[in-house]
Amino acid sequence: MSEIVDQINDVHREVGTREVPDGEARTVLLRRTYDAAIEDVWDACTDPQRIGRWFLPVSGDLKLGGHYQLEGNAGGEILRCEPPRLLAVSWLFGENPGFSEVEVRLSAEGEEHTVFELEHVAVVPPEMWDQFGPGAVGVGWDGGLLGLALHLAGRTPADPEAWQTSDEAREFMTRSSAAWGAAYEASGAPAEVAAATMRATTEFYVPQG
């Protein structure tokens, strides 16, 4: 297994539910420790130039109450910004996205280590959740956390788009999907349900043939 694929094991994953004004929301939480000072991790998550190097190009009025847009992806409002520990945004994609928010929480572990937590809370259409479970967003967030790890270590791939179709990336996404299936089962989902959503998620991200 490559060192990049092995980073799947550096992430703790949780799946749950929460009541929000729009009804019952699904939650996915990722936690890992980065070998970087909290100020560096915060800057990487909030500086638009750096965000574009490890995640996606971002534009907008990037301040509290302002709106952002990730190129070809989600946009929304910056709901909370408390440097260098807390960033919360609405995470809206498509014509009728419904309730969806992402919160990033940072805490220092000494001077050169930072615990990073990302929680995505969203009201998900039942048919989508029944088919894909938490892996639908979880695999994408695993990729984001990997991108941040490589960026903080100064190892961002020269051609990220080419890497996305590499054997290494396919193995990473396959293992990520399996990890989310395990987290879903750990949350109380029946084993056969978790396994079915894992298979659907893997087929979506890593199609065969």
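At what angle do α5 and α7 pack, and how far apart are their axes? In this predicted model, the two helices pack at an angle of about 125 degrees, and their axes lie 9 Å apart. The crossing in which α5 passes α7 is right-handed. On the α5 side, the contact is made by Gly135, Gly138, Val139, Asp142, Gly143 and Leu146, which meet Phe172, Met173, Ser176, Ser177 and Trp180 of α7. Sorted by class, the residues of this contact comprise 5 nonpolar, 5 polar and 1 charged.

A further packing partner of α5 is α2, and here the angle is about 120 degrees, with the axes 11 Å apart. This arrangement therefore makes α2 oblique to α5. As α2 passes α5, the crossing is right-handed. The residues that meet are Asp40, Val41, Ala44 and Cys45 from α2 and Leu148, His151 and Leu152 from α5. By class, the contact of α2 with α5 contains 5 nonpolar, 1 polar and 1 charged residues.

The helix α5 also takes part in the lining of the open spaces of the model. The largest pocket has a volume of about 1,700 Å³. It is lined by 50 residues, among which Phe55, Asn73, Gly140, Trp141 and Tyr205 are the closest to the centre of the pocket. At least two lining residues of the largest pocket are supplied by each of β2 (23-34), α3 (48-54), β8 (114-122), α4 (126-132), α5 (135-152), α6 (160-164), α7 (167-186) and α8 (191-205). The element that gives the most to this lining is α5, with 10 residues. When the lining of the largest pocket is divided by class, 31 residues are nonpolar, 15 are polar and 4 are charged.

The second largest pocket has a volume of about 490 Å³, and 25 residues line it, with Cys45, Thr46, Ile51, Leu87 and Val89 lying nearest its centre. Cys45, named here among the residues nearest the centre of the second largest pocket, is also one of the α2 residues that meet α5. The elements that each supply at least two residues of this lining are α2 (38-46), α3, β4 (67-70), β5 (75-82), β6 (86-90), β7 (100-108), β8 and α5. In the second largest pocket, too, α5 gives the most to the lining, in this case with 4 residues. By class, the lining of the second largest pocket has 22 nonpolar, 2 polar and 1 charged residues.

The residues that line the largest cavity are Gln7, Ile8, Val11, Arg32, Asp142, Leu145, Leu146 and Phe172. The largest share of this lining, 3 residues, comes from α5. The lining of the largest cavity divides by class into 5 nonpolar, 1 polar and 2 charged residues.

A feature of the backbone remains to be described. Most peptide bonds are trans. The peptide bond that joins proline 83 and proline 84, however, is cis, with an omega of about -5 degrees. Proline 84 has its place in the loop between β5 and β6, and β5 and β6 are themselves among the elements that each supply at least two residues to the lining of the second largest pocket.

Notes:
Residues are numbered from 1 along each chain as its sequence is written. This is a predicted model: local features need pLDDT of at least 70, side-chain atom pairs count only at pLDDT 80 or more; totals for chains, interfaces and linings use all residues. Side-chain values use heavy atoms; hydrogens and water are left out. On a 1 Å grid over the protein atoms alone, a cavity is a set of points where a 1.4 Å probe fits but cannot get out, and a pocket is an open set with protein on both sides within 12 Å along at least five of seven lines; lining residues have an atom within 4 Å of a point. Grid points are joined across faces, edges and corners, and a volume is the space filled by probe spheres set on the points. Ala, Val, Leu, Ile, Met, Phe, Trp, Tyr, Cys and Pro count as nonpolar, Asp, Glu, Lys and Arg as charged, and the others, Gly among them, as polar. Axes are lines fitted to C-alpha atoms, for helices over the stretch in contact, and angles run from 0 to 180 degrees between N-to-C directions. A crossing is left-handed if the near helix is turned anticlockwise from the far one by less than a right angle, and right-handed if clockwise. Contact means heavy atoms within 4.5 Å. Angles under 35 degrees count as roughly parallel, over 145 as roughly antiparallel, 65 to 115 as roughly perpendicular and the rest as oblique.
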